[in-house]
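Let's take a walk through this structure together. Have your viewer ready to follow along.

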Amino acid sequence: MSFRLLVLLLFMGAHSVIAAGPAVVPVDMLFRNWNTRDGLPHDRVRSVLQTRDGFVWLATDAGVVRFDGATFKTYGLRDGLKAPVVTALRETADGAIWIGTVGGGASVLRGGRIERTYMKADGLPSDWVTGFGIDHAGNLVVATLGGVANFDGTRIVSAGENEPNPDRVVPQARDKDGILWALGSGQLRKWQDNRWLGDPGGPTETTALCLDGAGRPWVFGDGHLWHREEGKWQPHPMPDGWKGTVNTIAAAPDGTIWVTYFRKGILGFRNGAFIAPRAANGYSPDLVETVWATRDGQIWLTSSNGIYWMAEQPIRFGTVNVPASRVSNDLGGLLEIEPGQFLLATQGNGFFLWRDGEATRLNGDPDLMEGTVANLEYRAADGAIWMGNTKGLYEWRPTEPGQPIRRHDLPDTHQAPVWAMAETADGLWLGTGYGYLLRLQGDSVTHVDYGGGGEPIKALLAEPDGTVWVGTRGNGLFRMRGGQWTRLGRESGLLSEVIRTLYRDPQGHLWVGTDGGGLALRLGDRFINVTSREGLPSDSISQIASDDQGRLWLGTHRGLAVVDGKEVANLAAGTVDDLHPLLINRTNGLISEECTIVPPVKTHDGSWAFATIRGFFRLYPDDFQPDTTRPTVYLEKVLANGTPVPVKDGRIELPPGIERLEFEFSGLFFRDPDRLKFRNRLHGLDTGWIQAGTSRTAEYRHPGPGTFRFEVEASTGNGLWSETPAAVQIVIAPHFWQTWWFMTGAVLAFAGSIVFLARQAERKRSARRIEALERRQAVDNERARIARDLHDDVGASLTQVALQSQLVERNLTRRPERAGEYLKEIFKTARETTRALDEIVWAVNPTQDTLDNFVSFLGAFVQDYARSAGLRSRFDVPGTVPALAMPPTVRHHLYLASKEILHNVIKHAKASEVSLKVIIDDGHCMIVIRDNGAGFIETPAAVGADGLLNLRSRLEQVHGTCTRTSAPGEGTAVEMRIPMDWEQG
């Protein structure tokens with residue numbers, strides 16, 4: 001313990017216990033306890049081991065437990081132990097952990113599993129193991145109730161024969177001089193001349209042994225604490241009341257030697273003095289069994305109530321505790337009146353003087369006692385102390401003995417509790433809870449109109465040039481410069497207009513603490529705001545101060561935040577990055593984290609005092625330095641689709657179909673495991689780090705096939721991350737349809753299909769263009785045909801009518817009978833012309849371009865044609881003819897062929913009847929025209945003479961056929977057959 005801390009203990013009420021033996025100084029210690037409520041399998045912990053990888057292992061009555069500061073991993077009977085009660089632990093050079101049990105022998109844990117267990121049948125003297133050691137040759141020594149045995153690397157062998165009781169010597173440690181020390185049969189032994197010997201000058205009976213940081217051996221024996229220096233043993237008598245048997249001893253990094261008395265307490269020895277932990281919540285000395293110092297400097301206490309972590313408390317506390325009085329420790333003011341004596345202003349209990357843990361009333365004035373809310377303490381430049389409460393304003397000059405505390409009456413119109421004060425050359429400025437700004441010059445009080453709206457004034461600050469700043473609760477800041485007042489609020493850059501405190505640092509920067517808006521720094525005409533989003537623990541800032549290292553100390557609603565000087569410089573330069581403040585909160589033992597609106601007090605001994613709603617606390621700023629820890633992080637488990645998968649050489653190969661990847665990890669920071677935070681990323685999927693906070697798991701859904709690299713890092717919140725991330729490479733095999741060759745083939749097939757479809761589409765477009773051209777050609781042909789018909793038929797008929805009309809005119813008077821014949825010819829020609837026009841009109845009408853309309857027209861045409869020739873006509877057509885679109889060329893050729901057949905019937909057949917039959921069958925249309933005429937015998941000459949070749953030629957143009965059958969006396973039948981695939985027409 002440093003001299004400075006001892007002085008602070010005296011001031012804070014840590015009284016020494018004076019007795020006949022050495023004094024014992026009680027010290028405040030931080031304790032943290034984990035037991036079954038936190039996941040321990042059993043509350044009885046017997047031993048502690050820290051392995052080289054940094055994990056802490058606990059020997060419990062329900063197995064051995066690995067602890068990372070947050071979670072427990074237990075290895076018990078189900079994992080291969082032969083007995084649940086574990087008594088001893090030891091790590092060997094090859095990384096194996098030896099586990100000693102009660103009745104289950106010694107088990108070896110390696111690679112996360114119980115590899116082997118050695119019992120009496122394997123050479124152990126007993127199955128009850130009490131401890132382990134390492135002998136002069138580097139072999140493991142196993143101590144049991146029945147004696148000791150060695151492990152030579154492959155098997156258990158008996159101990160040597162050079163010691164009177166070889167089965168009782170257990171090597172413990174090798175000191176700075178290379179001497180191997182051991183305990184055996186209650187005596188201290190050292191290895192010398194190839195045998196175990198005693199060491200003259202030391203204790204005759206020894207129960208505990210350890211080495212300190214300098215490599216010196218410390219033992220307990222004969223009722224004394226001993227240490228060996230320059231080959232000689234030096235005893236340290238134990239204090240009265242501590243004369244029992246010490247069962248364990250451990251050396252802390254600061255040089256303190258801690259000893260435990262089984263379930264009777266723990267005692268420390270440092271710098272020639274004994275110290276004892278002061279009782280704290282959750283800690284009971286009669287539960288402690290052993291003490292262990294781990295390699296990282298942590299002190300652990302085993303007990304029947306779980307495991308305790310212990311560290312010295314660098315913070316001292318001061319509270320008001322007046323018997324028979326209702327006490328409030330919500331402080332509205334704090335000042336050090338003289339070295340070690342503090343003036344406390346409480347909310348509801350008036351003013352107190354505090355020294356060495358004792359609080360007394362300031363005086364008997366009722367206005368300064370219980371029932372008054374004290375809000376202000378201010379030391380003026382002349383040494384006067386000003387106090388404000390709900391009763392008024394008071395002036396006290398403690399340096400002038402006999403001077404009474406003087407009350408200053410404020411004007412009745414401005415009578416209000418004074419909450420803030422500042423001093424300029426013009427006098428004292430007072431800010432009241434009713435929003436009045438007053439100036440006190442001697443005994444004269446002046447009201448100053450600064451432009452406020454009656455909001456309480458919570459902070460005042462005067463700068464060397466006379467500038468005055470006024471902070472209000474709800475109306476922002478007001479500044480007086482050169483006699484002019486200016487308001488600054490949200491429009492000026494403040495995030496909150498509720499001002500709690502103002503501070504001017506040594507460089508002249510103005511800092512503003514707000515409620516809800518965090519911290520604001522005035523730079524030129526703007527504010528730089530820092531909030532919890534940038535790393536502050538709270539957005540309510542009540543206290544601001546800076547130390548000699550340039551660090552900024554902020555009192556918030558969640559403890560103290562200490563901002564590093566470099567980060568402060570970045571703020572002052574206007575480059576605001578994330579802050580990584582050092583946090584002082586309940587983890588450090590604070591009774592309350594909520595700081596009140598009271599400026600921090602720098603005391604006579606260099607410590608600082610901070611006011612809270614539960615008293616005040618003191619600390620030395622130098623004791624709280626930036627944490628440079630880069631925590632080690634470990635990947636604990638990888639699960640694929642919920643099933644753990646082994647990691648081999650930092651790599652995992654997985655089959656196709658992985659829907660979920662899960663990672664479990666841990667980090668080590670035993671000083672404050674709650675501050676440990678993690679970030680992770682999966683290369684190949686994440687573009688950057690994913691902030692996991694305190695979560696120790698990460699999950700990825702549907703990662704897909706490929707090669708990935710998972711990385712995780714840890715930080716204590718100081719902005720520094722693990723030097724080396726924990727990482728694993730993961731290869732997920734693809735389904736066959738996800739392979740490169742399948743995808744390449746699929747792409748090629750797709751491209752080929754696109755080309756094929758494009759070519760097919762182009763062919764169809766070309767076919768449609770050709771079809772369109774053919775249709776256009778057909779239309780052109782039809783138009784040409786119609787023009788020819790009009791010219792040949794109608795034109796010729798009209799010419800014939802004109803000629804016959806002239807003949808009628810010439811013979812009308814001279815030869816009337818001849819004129820009548822010409823008139824009959826005109827009538828006949830006109831009727832034929834009308835029929836020809838009907839045919840032309842029907843041919844050009846698009847509504848007739850269907851098969852059913854063609855059949856109807858053809859029937860009407862045959863009937864009319866036969867009637868004009870004096871023939872009977874009969875028809876045989878289907879009841880329903882499909883309304884298929886019929887190209888004009890097909891219609892035209894069928895019509896002309898039918899007309900030619902009827903012409904031949906009338907001219908040559910000598911028939912009295914003609915019939916028309918239409919058959920629709922098997923995708924064809926068959927038209928049969930039959931007469932009952934004379935008929936004839938088919939001869940080659942007849943085929944060419946009567947136009948059959950012409951008919952066949954017409955039908956072939958529409959991909960049809962034409963056949964004729966005839967017999968003498970049985971008439972003639974002509975059959976036309978065409979396919980109804982009009983695209984070929």
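The residues lining the second largest cavity split into 5 nonpolar, 3 polar and 1 charged. Here Ala, Val, Leu, Ile, Met, Phe, Trp, Tyr, Cys and Pro count as nonpolar, Asp, Glu, Lys and Arg as charged, and the others, Gly among them, as polar. This is a predicted model, in which local features need pLDDT of at least 70 and side-chain atom pairs count only at pLDDT 80 or more, while totals for chains, interfaces and linings use all residues. Residues are numbered from 1 along each chain as its sequence is written, and side-chain values use heavy atoms, with hydrogens and water left out.

A cavity is a set of points, on a 1 Å grid over the protein atoms alone, where a 1.4 Å probe fits but cannot get out; its lining residues have an atom within 4 Å of a point. Grid points are joined across faces, edges and corners, and a volume is the space filled by probe spheres set on the points. There are 2 cavities of 30 Å³ or more.

The largest cavity, at about 50 Å³, has a lining of 1 nonpolar, 2 polar and 6 charged residues, among them Asp175, Lys176 and Arg216.

Now turn to helix 5, residues 851–868; helices are DSSP runs of H or I with at least four residues, and strands runs of E with at least two, numbered from the N terminus. Buried residues (under 20% relative accessible area, 1.4 Å probe, protein chains only) in helix 5 include Leu851, Phe854 and Tyr865. After helix 5 comes Gly870, with a positive phi near 75°.

Technical notes: The expected span of a helix is 1.5 Å times one less than its number of residues. Buried means under 20% relative accessible area, exposed over 50%, partly exposed in between (1.4 Å probe, protein chains only). On a 1 Å grid over the protein atoms alone, a cavity is a set of points where a 1.4 Å probe fits but cannot get out, and a pocket is an open set with protein on both sides within 12 Å along at least five of seven lines; lining residues have an atom within 4 Å of a point.
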